[in-house]
Amino acid sequence: MERIILIRIGEIFLKGNNKNFFVSLLKDNAKNALKGIPCRFVSSQNRMYVERYEDSDERTIIDRLTKVFGLYNLSPAIKLPTDFTEIAKVCSDMSPKNGTFRVTVNRADKKLDKNSMEISREIGAYMLRKESGLTVNLHQFDFEVNVDIRENGFSYVFYEKIPCAGGLPVGCGGNGMLLLSGGIDSPVAAYLMAKRGVKIYAVHYHSFPFTSEMAKNKVIKLAQIVSDYCGEIELFVVPFTDIQYAIKENCPIEYMITIMRRFMMRIAERLAEQYKCGAIITGESLGQVASQTMESINVTNSVVKKPVFRPLIGSDKSDIIEIARKINTFETSILPYEDCCTVFLPKNPVIKPKIELAEEMEQKLDVNGLIEQALSGVEIIHCNNR
Amino acid sequence: MIFLDNASTTKPSKDCINISGFYQTERFFNPSAPYHPSVVAAEDLSHFRDTIIKKLKGNGKIVFTSSGTESDNFALFCSKKRNGSRIIVSQSEHPAVATCANELKNRGFDVVFCPVDASGRVIEEEFLQLLSKDVSLVSIMHVNNETGAQNDVKRLCALTKNFDSNILFHSDGVQALGKVPVALDDLGVDFYSMSAHKIHGLRGVGALFIKNGLHLRTFLYGGGQEFNVRSSTENLAGIAAFSCAVDYAINHQKENYEKVKDLNGYLRTALSEQGDAYKIISDPGGSPYILNFAMRYVRGEVMVHSLEKYEIFVGTGSACSSKKTDRTVAKFANLSPEYEKGVLRVSFDENTSKDDVDYFINKLNLEYLAIEKYMRG
């Protein structure tokens, strides 16, 4: 008899010929999530099990697994050889001593001579004999004892099903290059795209000395937090100060942010090509700031060919904050360090920029030269929490 | 490396490290235990306490704490005050005092903030206006941590006591200890906060001087250490280093002061030569260990980062965010908008050389010119 964790995987995406691909990806992701915790990870049919761990690690294991996209739910359970007397005894010992209950048996092992109804009744009867404070109520019960009898000669007793993150296994949806700023939105965008199976790469623009090492560390910290859901994130820190200087010197101040963002998109696309990302991801939400109006998005979008995924485009700030709190990035996001967009923030940034004007202004800049120079200074950081 | 942020912390001296090492490895015993090595440790503790009090010419006792901040909290919260009475603190206090004062205000005390001049020094006439029969406590720092402004604590304390001898007078001496002359009896204060790591001691050790005849309420309950007002197993290693640091700092106070005063004057002149680029905030009459100035157009934090690449470390004298606009210096220094975000704090120690200052001013000017042109307008 030992404590184990029983994991169920979502079934919807398991149809068709891709099943093996999905399952093996999911298994790898779940295993990776448990890195550093001594335990055994077993996968069979549509289930996975975590066994042979220290009791004191159980909470951590559950916490980590509930963040793996593609898992459906899980149950901490007792694993024991299929022997009805033993099972009934365990059910009785583990259950509360008072209240109403039901026993639900799931019998995958069809070779047994009793059916699930009969087994439920026997276990229920045993429990009633042991504890006078218990009564059976199949419909309105205080707790449910689940007994899962498998074909491998073992049975599992559990009480609760803890929902997991749902979604698709990270990696099955291709790679995406996220613009990660350090604010509230971009980590949430990472989370949402990872939930649809996208493996996240991230690019951050760093304007030392205008933005500090602390600001950079904050971005690394955000990537680490999100990696609980996304798996390890490769973060590209791109030196951006010289580009900002060049724009400040040569372009009208109200177009500062517009042209900066065009550079950001171009560099993100270059990195996306290099790392085989099929899309660029941003945390933009329509109308949130001057650079996120429809006109601004047109002007910044026009410099790239790859699709740009904006999972938050229709979300209110309050909705975004709610997710940020849930995934634990909010507290870090609101640490008050400068980000590169606030450094040369004009008093009146253009709200409805024009592509032709932006292009004309960029004539004065050595766009490719500046991009090459920035890319040559990229620092790559592997962000994970393990 | 050129470390010009000694007001934030100083490099521990070899002597301090050696003596603390001895108490961490050899004489590590808990001074409260009954066996012989502990009795020796207890005697040592008493010796260190006496050394510090003698060096500071104080007629009272020293309670060891974990920091200057703790000492300030201890004095402000545990001193006897009538409910709802008036507490006077200066407008330029360190957050360790200012936030305590705000909390006391929340608890119903009539907390008033005494105006200061543009260098952060308490204005005497304003202070006198605030004294009233309702005052129970005054807390005015000795040397300001951002500008080095030095309050005439002796005079302010005397004025207070003349007005009403029952008013308690606390002074935060964290930036004064070992840097400017400190004779506690002569100052006349009731409570005086100190910190070890500002004078080449170790972090995690502070002290509060309590004048004879005065009592504080218990701050930490427990095993009864530190005269039963601040329980905790004594940090003997840190206290030994503190005593060593005080000993050195007081013995060399005069010569170090003169040396640093020269450096301060030298840097002042060099900054003034740059015209409007820099506006000096620190008053020449303050502690020479701190020289605070503001740059036109360039943010202090940006310059701090720019100087990092030369391994020059200076302070901004405030939190690290431009979003946090309630910087103390900016509040009292009457800076015009071009200067208000450009505050830099240079703080010396006795080991700073003229060459260090030359190198600093050279790189400061260089970086200033490189950045300023992008930040104008």
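Q: Which strands of chain B does α9(B) lie across, and at what angle does α9(B) run to β10(B)?
A: In this predicted model, α9(B) lies across β9, β10 and β12 of chain B, and runs at about 10° to β10(B).

Q: Why are α9(B) and α12(B) called roughly parallel?
A: Helix α9 (residues 253–272) and helix α12 (residues 354–375) of chain B pack at an angle of about 20°, their axes being 10 Å apart. Angles under 35 degrees count as roughly parallel, so α9(B) is roughly parallel to α12(B). The crossing of α9(B) and α12(B) is right-handed.

Q: What makes the contact of α9(B) with α12(B), and how do its residues divide by class?
A: From α9(B) come L263(B), Y266(B), L267(B) and A270(B), and from α12(B) come K354(B), V357(B) and I361(B). Six of these residues are nonpolar, none is polar and one is charged.

Q: Why do β9 and β12 of chain B stand at the edges of their sheet?
A: The open sheet has three strands in the order β9-β10-β12 (chain B), with antiparallel pairing. β9 (278–280) and β12 (343–347) each have a single partner strand, so one side of each is left without a neighbour in the sheet. From one strand to the next, the twist averages 30°.

Q: How do you know that β10(B) and β12(B) pair?
A: Two strands pair if there are at least two bridges between them. Strand β10 (residues 290–295) of chain B and β12(B) have five bridges, in the antiparallel sense. The bridge partner of N292(B) in β12(B) is R345(B).

Key: Residues numbered from 1 in each chain as written. Chains lettered and ligands numbered in written order. Predicted model: local features only at pLDDT ≥ 70, side-chain atom pairs only at ≥ 80, totals over all residues. Axes fitted to C-alpha atoms, helices over the stretch in contact; angles between N-to-C directions. Helix = DSSP H or I, 4+ residues; strand = E, 2+ residues; numbered from the N terminus. Parallel < 35°, antiparallel > 145°, perpendicular 65-115°, else oblique. Left-handed = near helix turned anticlockwise from the far one by under 90°. Contact = placed C-beta atoms within 7 Å. Nonpolar A, V, L, I, M, F, W, Y, C, P; charged D, E, K, R; others polar.
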